[in-house]
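Colleague: I would like to learn how to read a structure of this kind. Please take me through some features one by one.

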Amino acid sequence: MISNNQKLMTLISSVLNIDENSINNETSPENTESWDSFNALVMVSELESQFEVQFSIEEVYSVTCVKDIKDALIKYGIVL
Amino acid sequence: MNTPVEVFNQSSSESFTDYLSLGKKLAILNNQNKLQIDSSIKIAILSSSSMNGVSDVLVAQCSSFNVFPNIYTAEYGQYAQEILNSESYLYSFNADLIIINIDLKSIAESYELLPYQKTTEERESWLVETIIFFESFINEITFKSSSMILMHNLEVPVYSPMGIIESKETYGFLESIEDVNRGLRDKYKMSNQVFIYDFNGFCSKIGKTNILDYKMYYLADIKVKTQFIPDLCSDYSRYIQPLTYKTKKCIVLDLDNTLWGGIVGEVGLEGIYLGPTPEGRLFLEFQKKLLALHNRGIILAINSKNNEEDAMNVIKNHPYMALRENCFAATRINWKDKVSNLKSLAEEINVGLDSMVFFDDDQMNRDMVKTFLPEVLVVDLPKDFSQYLGTFEGLNCFETLSLSDEDAKRNEMYQAEKNRNKLLKSTTTLSDYLRTLNLIVYIEEVNISMIPRIAQLTQKTNQFNLTTKRHTEEDIQKIVNDDNFRIISIRVTDKFGDNGLTGLVIISIKDSVNWHIETFLLSCRVIGRKAEEVLLAYVINEAKANNAKFVFGYFNESKKNSLVKDFYLRNGFEMIDRTVQGDTWRFDTMNNYKFPSYIKYKVL
């Protein structure tokens, strides 16, 4: 079984086209060029379909870095 | 250096994100000049809602048929400015194809939300105004450019505040939107330039309750969920393939477990599955779907490991065989490997390997063809035979932008060609053979009904094509209306049938003393019968009769036309210039040029 954490890293790295090892909690639109508004939405779609969750618009807006994504997932009972 | 299709084959292409990153990768390779592009097309996308991601996905999908498109996506919501302003980037970009996606919400939000605030009469006039609205944009573009236009129709909503009595309204909300779609479709039925894309049909195919993600809509005005963008782009590529001449022409079929169930060599004609039983009906229906394509002009051929006698017995005598012997342009039923059979089929039928599609239930055969003949499109038939039709209907590779009479008749002609080849084997010399064929060449100046076929010939003919100038129907229309040009066509008939319009010249006669043959081409199915000499003789005689002193011919080398590099030399022209651009040849009309003796011709 792939761990949820691994699944998340693969997802982020494939959407943002960056190396998995370079992703940490502080990875954010500010320090990652490919994290533009469209890729942010693609990430939302992918997270929703792969983790079978539904985020609210507020939650989408509240994400500013990878740590926030993890927190949002944890809120929905995903064990990371 | 890799070609787009090579990059495509090395990448995975299943999800939206796969396509997205493949599209980006191709763009980067192109920027670094590391992409070998043989075929390109300029596409402009105008939309009333966000088309984010469409461009990258479309680049990725076009790479599957080896095209690298150059795409301009206008800022969304800017379509009117782009279309109405003749100084806009849309017009300087000069697209080959303009895709326009204007959705209901963006042009009539209040109507969509509160449809019954309008009276019946207002809904009726909304219909008329909306059609005029679309039409005025289309007119504007056709006035300013000759780009092909692909206009989305409107998605007919599934919700109405009237609920189940929606259909009882005198003139209902949903009805008015259906009528916009019907009106648009009818208006452009005869147009070669404007195609109405059935976006409503696309939404139904995906599922109207799935296609929109409200969150993405409110967040970013995305009206097609990103996961379905590859499906949308796949529909767009159905128009791009014929525009870039990447359409498939020929389907090559295996027999056992492909056209019927079971192995005929083992179970015999009586034992195979084909007919009105659960195991047999799927093959019967698959054959009928193939027959429908065949009737539309797609060539069929067989490539099967079998005893020819066993297989032909089924094809000729099985009561439920829908595809009979005369449906196949050529057959290879033998024990040779499928790769060499495919190569020799391509040669016999005279189509490129890149226009062939191969159906075989056997994974090993498929892999072998994929490895050795990567140009051939190999269909991955599912293991479960009952899913064949779904796979078949998902193939978007047989599109054509207009159906000429020749398309529908093509298979008849290939059938006649098979008989001609038989005759060729039993006669001795070429001239004897041609004599027994009773060839008649009908020479005719162009008329309007020929325009689609003439454009098609300029686009599809590769081997016997002296200058390989491609023309659209609009181009030909312009040439026809221009007194400085003449287009002369030939139709070739023989004792086996009518080959249809199969050759033409486009001559510039502006300078009446010197005639210039700008295009000279002959469809491959009549090559080798001296019909071209009849056509050339006619042109030279016409030039003479009109007091022209010289007839100039041109040869521009392409990848495929080496067959005709000495055409003018063989026909008494002298070379007067040779540059990298090509050869210039000249014929002095003081000299005689004779019609070939054994071919009858008629000037119509």
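This is a predicted model: local features need pLDDT of at least 70, side-chain atom pairs count only at pLDDT 80 or more; totals for chains, interfaces and linings use all residues.

Colleague: Let us begin with chain A. How many helices and strands does chain A have?

Modeller: Chain A has 4 helices and 0 strands. Along the sequence the pattern reads α-α-α-α. The radius of gyration of chain A is 12 Å, close to the 12 Å that the globule rule gives for 80 residues, so chain A is as compact as a globular protein of that length. A box of roughly 30 × 30 × 20 Å, taken along the principal axes, holds the C-alpha atoms of chain A.

Colleague: What share of the residues of chain A is buried?

Modeller: A residue counts as buried if 20 or more other C-beta atoms lie within 10 Å of its own. In chain A, 21% of the 80 residues count as buried. As for contacts in chain A with a separation of 6 or more, 46% are between residues 24 or more positions apart.

Colleague: How many residues of chain B are in contact with chain A?

Modeller: On the side of chain B there are 12 residues, in contact with 10 residues of chain A. The elements of chain B that give two or more residues to this side are α2 (16-31) and α12 (214-220). Of these, α12(B) gives the most, with 5 residues. By class, the side of chain B that touches chain A has 4 nonpolar, 6 polar and 2 charged residues.

Colleague: Which strands are joined to β4(B) by bridges?

Modeller: Strand β3(B), residues 97-101, runs parallel to β4(B) and is joined to it by 4 bridges. Strand β5(B), residues 194-197, also runs parallel to β4(B), with 4 bridges between them. Take Ile149(B) as an example: Ile98(B) stands opposite Ile149(B), and in β5(B) the bridge partner of Ile149(B) is Val194(B).

Colleague: How is a pair of packed helices described?

Modeller: Two packed helices are described by the angle between their axes and the distance between the axes. In chain B, helix α22 (residues 451-460) and helix α23 (residues 473-481) pack at an angle of about 115°, with their axes 8 Å apart. The crossing of α22(B) past α23(B) is right-handed. From α22(B), Ile451(B), Pro452(B), Ile454(B) and Ala455(B) meet Glu473(B), Ile476(B), Gln477(B) and Val480(B) in α23(B). The residues of this contact divide into 6 nonpolar, 1 polar and 1 charged.

Colleague: In what order do the 8 strands of the open sheet in chain B lie?

Modeller: The order is β16-β17-β15-β14-β13-β12-β11-β18 in chain B, and the pairing is mixed. The edge strands, each pairing on one side only, are β16 (574-578) and β18 (600-603) of chain B. From one strand to the next the twist averages 25°. Strand β11(B), residues 440-445, pairs with β18(B) in the parallel sense over 4 bridges, and Ile443(B) stands opposite Val603(B) in β18(B).

Colleague: Which helix lies across β11, β12 and other strands of chain B?

Modeller: That is helix α24(B), residues 531-545. The strands it lies across include β13(B), β14(B) and β18(B), and α24(B) runs at about 145° to β12(B).

Technical notes
Residues are numbered from 1 along each chain as its sequence is written. Chains are lettered from A and ligands numbered from 1 in the order in which they are written. The radius of gyration is taken over C-alpha atoms; the globule rule is 2.2 Å times the number of residues to the power 0.38. A residue is buried if 20 or more other C-beta atoms lie within 10 Å of its own, exposed if 12 or fewer, and partly exposed in between; C-beta atoms are placed from the backbone. Two residues are in contact if their C-beta atoms, placed from the backbone, lie within 7 Å. Axes are lines fitted to C-alpha atoms, for helices over the stretch in contact, and angles run from 0 to 180 degrees between N-to-C directions. A crossing is left-handed if the near helix is turned anticlockwise from the far one by less than a right angle, and right-handed if clockwise. Ala, Val, Leu, Ile, Met, Phe, Trp, Tyr, Cys and Pro count as nonpolar, Asp, Glu, Lys and Arg as charged, and the others, Gly among them, as polar. Two strands pair if DSSP finds at least two bridges between them.
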